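Biologist: Please take me through one part of this model in detail. I would like the helix packing and the charged pairs around it.

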Amino acid sequence: MAEYEWQRVAREISADIDSGRIPPGGALPSIVRLAEQYGVADHTIRRALRELRERGLIETLPHKGSYVLGDESPGQDM
């Protein structure tokens, strides 16, 4: 079954979180950087991040960015 680009991006970011490449409390790159990294439009990244939020993997803080949920509170040291 084919997948949408946002699903591919969400799957790859999720794999980075599962592997520890992006640790609990770690910040994800900005939407613009993620769009460049994955070669997709910013709205595709926003949809992927929404999926990750709905799955409880990340939290997005207004004007601060998206952080991996886990042992540390996101944005705690800001």
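Modeller: A salt bridge here is a side-chain nitrogen of Lys or Arg within 4 Å of a carboxyl oxygen of Asp or Glu. The structure holds six of them. This is a predicted model, where local features need pLDDT of at least 70, side-chain atom pairs count only at pLDDT 80 or more, and totals for chains, interfaces and linings use all residues. Residues are numbered from 1 along each chain as its sequence is written, and side-chain values use heavy atoms, with hydrogens and water left out.

Start with the helices. Helices are DSSP runs (H or I, at least four residues), numbered from the N terminus. Two packed helices are described by the angle between their axes and the distance between the axes. Helix α1 spans residues 5-19 and helix α3 residues 42-54. Their axes come within 8 Å and cross at roughly 55°. Axes are lines fitted to C-alpha atoms over the stretch in contact, and angles run from 0 to 180 degrees between N-to-C directions. That angle makes α1 oblique to α3. Oblique is what remains after roughly parallel (under 35 degrees), roughly antiparallel (over 145) and roughly perpendicular (65 to 115). The crossing is right-handed, meaning that the near helix is turned clockwise from the far one by less than a right angle.

Now the contact, meaning heavy atoms within 4.5 Å. From α1 come Glu5, Trp6, Val9, Ala10, Ile13 and Ser14. They meet Thr44, Ile45, Arg47, Ala48, Leu49, Glu51 and Leu52 in α3. These residues divide into eight nonpolar, two polar and three charged. Ala, Val, Leu, Ile, Met, Phe, Trp, Tyr, Cys and Pro count as nonpolar, Asp, Glu, Lys and Arg as charged, and the others, Gly among them, as polar.

Next, the charged pairs. Glu3 forms a salt bridge with Arg11, with the closest N and O atoms 2.4 Å apart. Glu3 is partly exposed at 37% relative accessibility. Partly exposed lies between buried (under 20% relative accessible area) and exposed (over 50%), using a 1.4 Å probe and protein chains only. Arg11 is also partly exposed, at 44%.

Arg50 forms a salt bridge with Glu54, at 3.8 Å between the closest N and O atoms. Arg50 is partly exposed at 40%, whereas Glu54 is exposed at 56%. Finally, salt bridges that share partners join Glu5, Arg8 and Glu12 into one network.

Technical notes. Helix = DSSP H or I, 4+ residues; strand = E, 2+ residues; numbered from the N terminus.
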